[in-house]
Structure formats: structure tokens, C-alpha cells
Amino acid sequence: MKLNYIPLYQEVTIQSLHHNIPMKRRLMDLGFIKGNSIIPIMKSPSNGMRVYLVKGGKIAIRIDDEKKIEVL
Amino acid sequence: MLFYKLRKANDEINELYRHQGYTIALLGNPNVGKSSVFNVMTGMKQHTGNWPGKTVELATGVFSYRNQLHHIVDLPGIYSLLTHSSEEEVSRDFICFEDCDVCVVVCDATMLERNLNLALQVMEITDHVVIAVNMMDEAKKKNICINLDALSSLLQVRVVGISARNRDGFEELKDAIMQTACKKESKKNVVEYPELEKSIQRITQNIHTTFMNKRFLALKLLDSQVHTERFHRYILNIDEIIDIVNEEKQMLQEKGIYDRFEEIIVNALQQKAYEISEKCFIINDNKYLDKDMKLDRIVTHKIWGYGLMLILLAIVFWITIQGANIPSDLLSRMFMHIEMWLHEQCAYFHVNSFLEGIFVDGMIKISGWVISVMLPPMAIFFPMFTLLEDFGYLPRVAFNLDGFFQKANTCGKQALTMAMGFGCNAVGVSGARIMNSPRERLIAILTNTFMPCNGRFPMLISIVTMFFSGIFINPWNGVFSSIILTVIILFSVMLTLGISRLLSNTILKGIPSSFTLELPPYRKPEVKKVIIRSIFDRTLFVLGRAVSVAIPAGIVIWLLGNIEFHNLTLLMHVSNFLDPLARLMGLDGVILLAFILGFPANEIVVPIMIMIYMSNSTIMEISDLTVLKSLFIDNGWTWITAICTLIFTIAHFPCATTILTIKKETQSWKWTCISFLLPTIVGIILCIGIHAGIDLILLLFHL
């Protein structure tokens, strides 16, 4: 399932990232790594981004980047 | 002779300075309080904000330990050394290639696991690492327990718990740094990569290098994403090694491992960080995020989020305008006294009246004017802005607004540079450094002038009050002016977004770069430090530049107003020359000329208008708005003139201070020229269009 379909507050586990390599590495640094669980917790009012609880931090990423993350 | 001796002594001191102490690099994730640690260590206070990724230029300082001076370098905040943004390369290159004796990795105690990831990567390069676990006080509040001894023995490096806010633990940190600096390198592997070990081993066994860490070098050579050329000069048998590396790459490719290269590395690091953090990081209360979450829900709410932004903006403006009033008055009175005194002195010494005019009525009057109207609002606006920044509110603003900027093909951080632009466009332009993509940074720089700065507010308010409010309301008192300002601001925000979009579809083509944003925890700002820093870093810096432009401009304005030619001052000649274009734009020649002469600082635009309308020889102010309004109406102003003037106030060339800053930031005359022409052309087109539109409507409806 693609991450952008996951509703808020539902915990999911990351399966794979399909970004270009620099973005993939950036996301991995922030904790978006296969096997990690993340929770979407907030949505930007202008529909641009969503915030995820990742490893104790709050990381916002854009919808276009969410579409490239497979989760379970 | 004396000079020679002095120089020799100076050289000796420099030499001593260079050889004596150690060089210490400070690095860590963004927003872990690295710069605060730097400040406490050095006493040289570099500005720190609660904004991820702030330090772009390297800040260096010195600290003393047992009568010896040591250098300390504040590296940019980064999440890892694996990614290849410019900040990461700067940090990695510094650790790899500079003579850096100790790396202090600053970690956030409340987010230890993610921070350990970076620490492990640094430890792969060098053994000379000290882990400074910052924000121990905050961790305690959140019921987080960290076993520093266990952490130290697991990592085999010195670990010190500190709190930069309370200045706790810094003596221990310095001790740890000194002990680590004299430590011998041990050759223990930090992290094992089972699938890659064979290849790494083959390279490390065959390589002859002057580089300190063979294992790290082997890893980098294998990585397809690293520009390995920089490492080549450290390798003595480079040709042989390149062959071996290619063979190993080939082998890994065949086994199907090479495609997962970064995954293997990142996973191993992450696994290790997880294991370590499991053993020494204990959260007693899992709900520590709750308080922040409640606040975040309001701050990023669909309605309240925007509402809060507008309210905060209005409050900041209100305090700025209200608070600046009294100090501005005092300053201008002070300068008036200085002027009067100078006039008296000139009269006493029989100074030529022409020189007296240039010096007192030109130079002193204009620069005094600029100081007294510019200094107080900035000294109030920027501390408030910095407080919001330190509190952690600004990343939320970027988050709220990112959707709009995505549509304009730019980045949400532009919202922040725009907000800085309200205080001063020059500060907004240099603030664009927080943007990673050069394309998006240029867009932010070029469009910053559409944000009306402190210098333009008073003009906007008085024109609106004179021509549109109907009832007379004193602009300095009242919520009304704040509301008007907010409406005008919405217009300028839309203009900025529109022009940004236009730029990204034309001369700065590109897709929006991927953008990640960390929302840091809310923190109580350190008020005293904020106030002192923002005044010195931003306000005085801008003021210095503004005065340096105001002095020559004062001379020019005085000369134009006082040299007569065919019974008319030069000012009138120029204004008559500009009149046809200005009429087309719905203005008149005087208004346009005032904007042009207001190039050094927008604050003097209205005073110049008054000066020309009243055929005065120097700039002046009329504080009573009814008097000002009748002066304007006597000179042919209508509500159409007022609208066009408002538009041109928002969209015209940036002031001289901003232009100087743009030149410095972009290092390019081309972009500096474009930043001058773009808003001017937009302003001219908008004015002509709106003027023609209104005329057409009036004509059609026979009004």
C-alpha cells in the first residue's frame, strides 16, 4: 500500500522507498527505513505535507514523496 | 623599524596560536543545540535558532583550557554523512581532510537513537570522538533516563551529559575533549556489514594510503554515489586500487548485493544505533509528546492555524509600530538638535551656505532621518521574530504554507524568508541561505522585495487612512491599521507566489526539489540572548549599510533640490521629465521621482514628496494626516492615484541596502540586475494595467 493512502494516526511499517537515490538516503537518515514503524500525525492545512512520528522526531514530507513509499 | 618589530611579534603570536591548541569540530543533527554548545564553549555568541539547518557558513571560535587556546569549528547541522547535500559534504570533508583533533558529536538526549546514527558514522572515520549528550534537563522533564556510562562503554568513547541552556557539564566536556585528543587510534570496527566485509577487507589489505582510516576509505570507494576523486591523492597505489574496487563492485553486482548497497549500510548503522539505544535509553513516560501534540493541533489546524498566523502577524506589527513611535520621536528630536547646533556653528564660523546646505541639510539630515525611522522598528521587530523562531513556531509556518509554495514550484521555507522580509528585505535576502536548492533560493531572493518592509508600512498605512478609511483614525493607534496592513500583506503574498511561479516556469525552470522538514519540539526561548543577538546580528548590520548609502544620497537630493536651471530646480526638471510615464501609471512625476530618490531607504519617499510639493529645499514631514491629505489633493491626487501609489510601493525596485545584500549573496551582477528590474517592471505593468482598467470602467459606466 502507498503511504499517501494511510489515514492519520494509523501506525504502519515501511516496506520500500522508490525515490531517487539522494532523496532515498535523506529519508533513510531521518528514519524512513524498511521495517521501521511510522505514524502520520498531522496534515498541513494547505495540503502540501504530512507529519510523521519517526523515531521520536516529527518529520514532514511532501505528498509526492509519500506516493513513493510502500508500507504495510 | 618599530613596524617591523610589531609585525614580527604579531607573526610570533600567530604562530603560537596556530601550533598550540587542538582543533575541535562540533557536529550533530540540526536543532540539537549545537550552536548553543559552541556559544557556551567560546563565549563568542553566534546566533542560534530553533530552525533546522541554520549554520551554513562555518563559525569558528577559540576557547581556553588550562591556559592553552584551542580552536573550535561549528559544522553545519546534518543527519548523516551518507547523503550528499552541500552541508554534509562540508562536514565530511572537514572531518576527513582538515587537521581536526577531536570531533564532538552533539546529541539530543530526547532523540538519542537517531542522533547515534550520525555518531556511529563519525566514529567510522575517526576514533577521536566525544559524544556530548545535550538537553539532559529537557530529557529529565520528559522522564527520559540515559545511562551515560553504559553508552560510553558500548561506544568506547567518552560520553558527557551536558545542558547548554543551563551551562551544565562543560568542564567535564572540556576534560573529555583533551583526553580524547591525546588518545591513540585503535583499529576496532565500529559497525560490521556482513555482506560487504569481504570486499572491504580485500581493499584495506591492498591499499597504501596516507589517509587515516583505511576501512572508511574502502567503504567510500565502493559507494557509487561518492565522488571518490577527492580521496585519490591520498592513495599511493591508485591504479591498482581502482582495478580492485571495480572487480569487487562487479562481484557484488553479480551477487545482487550492489543494488542494495545503501540499504545494507544504513540498516547496519540503524541496527547498531537501535541496539545501543535499547541498552541505555529509558523512557519512563511514553506520553511526553502529548503537550506538543495539543499545541501542534491548534497551530496546524485548517482554520485556527491560518488564523493564528494572521493574528500573530498583526500583533507583531502592532507592537512594532506602536513601540517604535516613541524612540523614533526621541531620535529624530535628537538629530534635529544636532542639526540646529550645526547650523549655529556654521553661522558662527561663516561657512559658505552652499557647503552648509550639502553637509547639514543633505548628509546629516537624510542619514539622521533614516536612522531615526529605521532603527526602532527593526530593533523591535527582529527580537520578536527571533523569539518565535526560538520557540519553534516558524517551521510550523513553513509546514502550514508549503502547499501554496508547492503550487508555485518552490519550497515552504520561502515563507520564512518572506516573514523576515517584513522586517527588512535585506535580512530576508540573506535569510534565504536556509534553502538547500539554489534555484529555490534565487526565487526567494528575487521575490523578497514584494514583501513590504518596515520602511514601507508607515507609508502604506497613512495612504490607506487618508484616502480609504473615511473616518479619520490616527494610524499609530488602533487595530484598524493592523487590519489594513494584513489585507495589503495578503496581496503581496499572492504577488510573491504568482511571480515565484512565473519564475519557475521561465528563467528559473525546474521541478520543486524534494523537501523534508523537521518540526522541532517547542522550547522556551532564551529571551535575553535573543534580544541582544537579534539587535547586533540583524539590526545594526542593516543600519550600517543603510547609512552608508544615505550619506551620498543626502548630498544628491540636496543638490537636486537647490540647483536652479531656467528658474526651476533640477528636481522639478527631472519630475517634469518623468511625468508622462508616471501619468500613464496613474501617478505623477513627483511620486515617481520620490520613489527613485528613495532608493537608499524607502522611509524617505513621503518626505521627498512633501519636499517637492511644497518647493522646500530639504525633506520634511507632516505629522497631521488631514494637512497631508489636503496637500496631496491640491497637487492632483485622487483615490486612483492612491491605489496606484500603494501598488508601486509594494512592487518597485528593492532599496539600496537590499541590492547590496543581493549582490553579496548571489555573487552575480546578472541576478542583482534582474532583482532590480523584475519588481520594477511588474510594478509598472500592474500600475498601468490597473489605471487603464479603472479608467475604462469609469468610461463605460459614465461615472
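## Chain B as a whole

In chain B, 74% of the contacts with a separation of 6 or more join residues 24 or more positions apart; a contact means heavy atoms within 4.5 Å. This is a predicted model, in which local features need pLDDT of at least 70 and side-chain atom pairs count only at pLDDT 80 or more, while totals for chains, interfaces and linings use all residues. Residues are numbered from 1 along each chain as its sequence is written, chains are lettered from A and ligands numbered from 1 in the order in which they are written, and side-chain values use heavy atoms, with hydrogens and water left out.

Chain B has 703 residues, and 57% of them count as buried (under 20% relative accessible area; exposed is over 50%, partly exposed in between; 1.4 Å probe, protein chains only). The chain contains 29 helices and 11 strands, which are DSSP runs numbered from the N terminus (helices H or I, at least four residues; strands E, at least two). Along the principal axes, its C-alpha atoms fill a box of roughly 90 × 75 × 55 Å.

## Surface and charge

The mean positions of the 61 positive and 65 negative charges are 3 Å apart. Lys and Arg count as positive and Asp and Glu as negative, without His and the chain ends; each charge is placed at NZ of Lys, CZ of Arg, CG of Asp or CD of Glu.

Lys141(B), Arg165(B), Lys291(B) and Lys524(B) form a positive surface patch. Patch residues have over 30% relative accessible area and no salt bridge, with like charges joined within 9 Å and nonpolar side chains (Val, Leu, Ile, Met, Phe, Trp, Tyr) within 5 Å. A salt bridge is a side-chain nitrogen of Lys or Arg within 4 Å of a carboxyl oxygen of Asp or Glu. Lys141(B) belongs to helix H5 (residues 136-141) and is exposed at 71% relative accessible area.

## Buried elements

Helix H17 (residues 414-423) of chain B has 10 of its 10 residues buried, so it is largely enclosed by the rest of the structure. Among them are Leu416(B), Met418(B), Met420(B) and Phe422(B).

Leu543(B), in helix H22 (residues 527-562), is buried at 11% relative accessible area. Leaving out residues up to four places away in sequence, Leu543(B) touches Ile371(B), Met374(B) and Leu375(B). Leu543(B) and Ile371(B) are 172 residues apart in sequence, yet 7.1 Å apart from C-alpha to C-alpha.

Thr569(B) sits in strand S11 (residues 568-569) and counts as buried at 17% relative accessibility. With residues up to four places away in sequence left out, Thr569(B) touches Leu560(B), Gly561(B), Ile563(B) and Glu564(B).

Key. Accessible areas come from the Shrake-Rupley method with a 1.4 Å probe; for residues, only the protein chains shown count as cover.
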